[in-house]
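The stops below go from one selection to the next.

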Amino acid sequence: MENKKVILITGASRGIGRELALGFAAPGNTVFINYLKEKDAALEVAGEIERLGAAAHHLQADVADFLGVQAMVKQAAEKAGRIDVLINNAGITRNRSIIKMPPADWHDVMRTNLDGAFFLTRECGALMAKNGGGAIINIASIIGVRGAAGCANYAAAKAGLIALTKSAAIELGRFKVRVNAVLPGFHLTGMGKTAAKDYIERARAESVLGVTTDVAELAAFVVFLSQTLTVSGQVFNLDSRVI
Ligand code: NAP
């Protein structure tokens with residue numbers, strides 16, 4: 001990729017976010033690693049990125065907290081001068097059937113997975129518009145398109161994230177800010193690793209290739225997408241399950 005890009009990735013201390021952060025670790029780039037609780041993990045990712053020749057900084061903030069997001073984006077922009085790429089990756093699950101789901105579990109997932117992406121898009125979108133453009137990539141899920149039993153909160157938040165992607169792309173296109181969503185497929189990392197065994201087996205059985213998806217392919221795709229200049233408002237399914 002053309003280097004000297006400034007990239008902010010939410011939830012980059014582990015799982016998919018970690019792999020995405022490493023994907024951007026090219027010499028000249030500056031990668032901001034946001035995390036909620038796992039400071040040591042974020043420091044480890046930062047160290048790995050520096051070994052690969054990029055600059056890295058860890059930033060603690062709860063993406064569901066608007067003032068915290070504002071402070072984090074301000075801190076990153078002050079340090080690096082701008083933000084070129086935002087990856088809204090932070091996400092949680094609180095899986096229960098609808099009739100047993102405590103309202104707090106519904107709200108927690110909506111706040112982290114959807115409100116958080118809105119707060120980041122609002123703050124970084126304004127910066128990017130002022131700086132002549134940028135790329136926002138939202139990490140959604142096939143569940144946001146298909147729905148699934150036991151995670152209506154997650155499905156609704158990811159469906160909302162896809163709608164946010166399209167609306168933000170329409171609004172921000174005139175500022176050369178591209179906004180796209182990626183559906184990662186089913187990865188045996190992060191929340192994928194902790195999914196119920198029968199869910200993992202079903203994902204493999206539904207895959208037309210009989211596999212779970214490769215996080216290195218996902219990272220390479222997201223880096224590529226961040227460099228495209230004429231693609232916006234799209235949803236890319238990186239799965240081998242057919243929608
Ligand atoms: P993960 O391993 O559980 O990691 C979650 C990351 O998000 C961690 O870095 C965590 O920080 C951070 N985080 C959680 N709540 C946060 C908050 N309120 N503010 C800031 N950071 C927060 O998850 P993952 O499996 O890599 O998933 C990453 C994204 O991919 C999610 O959006 C998920 O929905 C999506 N996805 C995953 C899969 C899959 O198969 N794994 C499939 C489809 C979509 P701490 O380490 O500090 O707690």
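Select threonine 165, which is buried at 0% relative accessible area; buried means under 20% relative accessible area, exposed means over 50%, and partly exposed is in between, with a 1.4 Å probe and protein chains only. This is a predicted model, in which local features need pLDDT of at least 70 and side-chain atom pairs count only at pLDDT 80 or more, while totals for chains, interfaces and linings use all residues. Residues are numbered from 1 along each chain as its sequence is written, and side-chain values use heavy atoms, with hydrogens and water left out.

Threonine 165 is part of helix α6. Helices (H or I, at least four residues) and strands (E, at least two) are DSSP runs, numbered from the N terminus. Show the contacts of threonine 165, where contact means heavy atoms within 4.5 Å. Apart from neighbours within four places in sequence, the partners of threonine 165 are Asn138, Val179, Asn180, Ala181 and Gln234.

**The ligand**

The selection holds 32 residues, and the closest are Ser13, Arg14, Ile16, Lys37 and Tyr154. Which elements each supply at least two residues of this shell? They are α1 (15–23), β2 (30–35) and α6 (152–172).

Colour the shell by class: Ala, Val, Leu, Ile, Met, Phe, Trp, Tyr, Cys and Pro count as nonpolar, Asp, Glu, Lys and Arg as charged, and the others, Gly among them, as polar. The shell then shows 14 nonpolar, 13 polar and five charged residues.

- At lysine 37, a polar backbone atom is 2.5 Å from an oxygen atom of the ligand.
- At glutamate 38, a polar backbone atom is 2.7 Å from an oxygen atom of the ligand.
- At alanine 61, a backbone N or O atom is 3.4 Å from a nitrogen atom of the ligand.

On its own the ligand has 910 Å² of accessible area, and the protein covers 95% of that. Accessible areas come from the Shrake-Rupley method with a 1.4 Å probe, and for residues only the protein chains shown count as cover.

**Salt bridges**

Select the charged side chains. A salt bridge is a side-chain nitrogen of Lys or Arg within 4 Å of a carboxyl oxygen of Asp or Glu. How many salt bridges does a search of the whole structure find? The search finds nine.

Pick arginine 51 and glutamate 48, whose closest N and O atoms are 2.9 Å apart. Both residues lie in helix α2 (residues 39–51), three residues apart, about one turn of the helix. Arginine 51 is exposed at 62% relative accessibility, and glutamate 48 is partly exposed at 25%.

Move to arginine 82 and aspartate 84, where the N to O distance is 3.0 Å. Arginine 82 is partly exposed at 29%, whereas aspartate 84 is buried at 12%. Elsewhere, salt bridges that share partners join Arg18, Glu19 and Glu44 into one network. Within that group, arginine 18 and glutamate 19 have their closest N and O atoms 3.4 Å apart.

Select tryptophan 106 in helix α4 (residues 103–130). Tryptophan 106 is partly exposed at 32% relative accessibility. Beyond its neighbours within four places in sequence, tryptophan 106 is in contact with Met101, Ala152, Asn153 and Ala156.

Go to lysine 176, in the loop between α6 and β6 (177–183). Its phi is positive, about 60°, although lysine 176 is not a glycine. Lysine 176 is exposed at 58% relative accessibility.

Is threonine 213 buried or exposed? Threonine 213 is buried, with a relative accessible area of 15%. Not counting residues up to four places away in sequence, threonine 213 touches Pro184, Gly185, Phe186, His187, Leu238, Asp239 and Ser240.

Key. A residue is near a molecule or strand if one of its heavy atoms lies within 4 Å of it. A polar contact is a pair of N or O atoms within 3.5 Å; within protein, one must be able to donate a hydrogen and the other to accept it, and residues adjacent in sequence count only if both atoms are side-chain atoms.
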